[in-house]
Amino acid sequence: MIRRHRLATGVCALLAALGAGIAFPGGAVADETEPQTAAPKVELVLDVSGSMRARDIDGGTRMAAAKQAFDEVLDATPKEVELGIRTLGANYRGNDRKTGCKDTAQLYPVGPLDRTDAKTAVATLSPTGWTPIGPALLKAADDLQGGEGTRRIVLISDGEDTCQPLDPCEVAREIAAKGIGLTIDTLGLVPDAKTRDQLSCIADATGGTYTSIQHKEELSDRVGQLVDRAADPVVTPVAASGADSCSAAPTLKSGLFTDREEFGRQRWYKVDVQPGQELRASVSVADDRAVSPDYGVLLRAVTASGREIVRGEAAGTGRTDVVSTGLRYPKPESDDDTATTESVCLQVTNSFSAAPGVKTTPGLPLELTVDVVDGPSAAHDVAAFGLGRGWWLLGALVLTGFVAGLLWGWLSRWRVAVWRTN
């Protein structure tokens, strides 16, 4: 019994060491894209509609909880963050829907923060009118135009948009389709099911988060977290526009790229690979709206003449909101001094289909990672061992663990036998 236990322990330990030490060789790591250093921008978009008078957050009004949260967040905003505040439903008290749906204004401009001025502006707010979420998001996106740093909208609302048919979800998808790297996070104050669904949809469309808020402390903490997150260094994807054919495809260098792909269509990109280099590529396609189950994503590397080199594919059944796949293509070294750079075409195809009644435009968000690195070498990349030699190494380690387990078990039994004799 002791021998069997020791044997299992020894083999597991060796296999774990093998996985940790060999599966991720240090020499195969690619150069990373440098994070953005431009000033991050955040705009807080606050719902000041009449429903914010409700007294259901720790005995106070929703508006009072929002003001308290803003005061605390303004005090803690990092110096490097440029912050602005926009309101919706704060000025028009009438019943004209057309006028009410234009009621959004910038309370404090996006830029270096003057805490006193910002707090004074927030203190003047009073719950007033309509809930034009869609128009407010469009204006907020304009407020954050320009620059290369992180851009984030934090929307705080307690109800559904009252300005249909301008669907806020569609507005969020249109904003994301512009490729400006803008994220929308949403917070629902004591939300009902319809409000929760709408705010979740807005966040999902841009890769943001949704949070349901029931207490004042939750609101302050969450808004503060989102503002702080904007200051974290991130790699911002570069907008790319894939073509409908290999011949017209744009040439990409190593980096992270974002694009939009129509349902059931394909996008083409080119990458130049020199002899002795390896192309590594991966793609993720997200279903940012309701789609039919059973879908897939295909990534192919082909020559300029259309011959397939390698492919990667993945499928889903509706249980995930993103499908990802990847491929690797090592181009062998050449003894011919006249060997030239090869243009490899990357084809991204999806088999998504929209659920009934769901708009298919803009296309689905696509994120493509391209990495061109020096090819594997015998000294630094496990792939250089070849499959056969890799199995020999694995077999030798397993055999060593087996023998070590037998010896340890025999030694343990001998010590027990000596102890019993004495």
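Which residues in α6 are buried? In this predicted model, Pro 168, Cys 169, Glu 170, Val 171, Ala 172, Arg 173 and Ile 175 are buried in α6, where buried means under 20% relative accessible area, exposed over 50% and partly exposed in between, with a 1.4 Å probe and protein chains only. Residues are numbered from 1 along each chain as its sequence is written, and side-chain values use heavy atoms, with hydrogens and water left out. Because the model is predicted, local features need pLDDT of at least 70 and side-chain atom pairs count only at pLDDT 80 or more, whereas totals for chains, interfaces and linings use all residues.

**The chain as a whole**

- The secondary structure of the protein chain comes to nine helices and 16 strands, taken as DSSP runs numbered from the N terminus (helices H or I, at least four residues; strands E, at least two).
- Of the 422 residues in the protein chain, 43% are buried.
- The average pLDDT of the protein chain, that is, the predictor's confidence in each residue from 0 to 100, is 85, and 86% of the residues score at least 70.
- Over residues 1-35 the pLDDT is below 50, and this stretch has 41 contacts in the model beyond near neighbours in sequence, a contact being heavy atoms within 4.5 Å.

- At the N-terminal end, α6 is capped by Asp 167, a side-chain oxygen of which lies 3.0 Å from the backbone nitrogen of Cys 169.
- Following α6 comes Gly 179, whose phi is positive, near 70 degrees.

**Packing of α6 against α7**

- Helix α6 (residues 168-177) and helix α7 (residues 193-205) pack at an angle of about 10 degrees with their axes 8 Å apart, and they are therefore roughly parallel to each other, a term for angles under 35 degrees.
- In this pairing, Pro 168, Cys 169, Ala 172, Arg 173 and Ala 176 of α6 meet Gln 198, Cys 201, Ile 202 and Ala 205 of α7.
- By class, the contact of α6 with α7 has seven nonpolar, one polar and one charged residues.

- Leu 166 lies in the loop between β4 (151-157) and α6, and at 35% relative accessibility Leu 166 counts as partly exposed.
- Leaving aside neighbours within four places in sequence, Leu 166 is in contact with Gly 134, Pro 135, Leu 138, Asp 161 and Val 171.

How values were computed:
Axes are lines fitted to C-alpha atoms, for helices over the stretch in contact, and angles run from 0 to 180 degrees between N-to-C directions. Angles under 35 degrees count as roughly parallel, over 145 as roughly antiparallel, 65 to 115 as roughly perpendicular and the rest as oblique. Ala, Val, Leu, Ile, Met, Phe, Trp, Tyr, Cys and Pro count as nonpolar, Asp, Glu, Lys and Arg as charged, and the others, Gly among them, as polar. A polar contact is a pair of N or O atoms within 3.5 Å; within protein, one must be able to donate a hydrogen and the other to accept it, and residues adjacent in sequence count only if both atoms are side-chain atoms.
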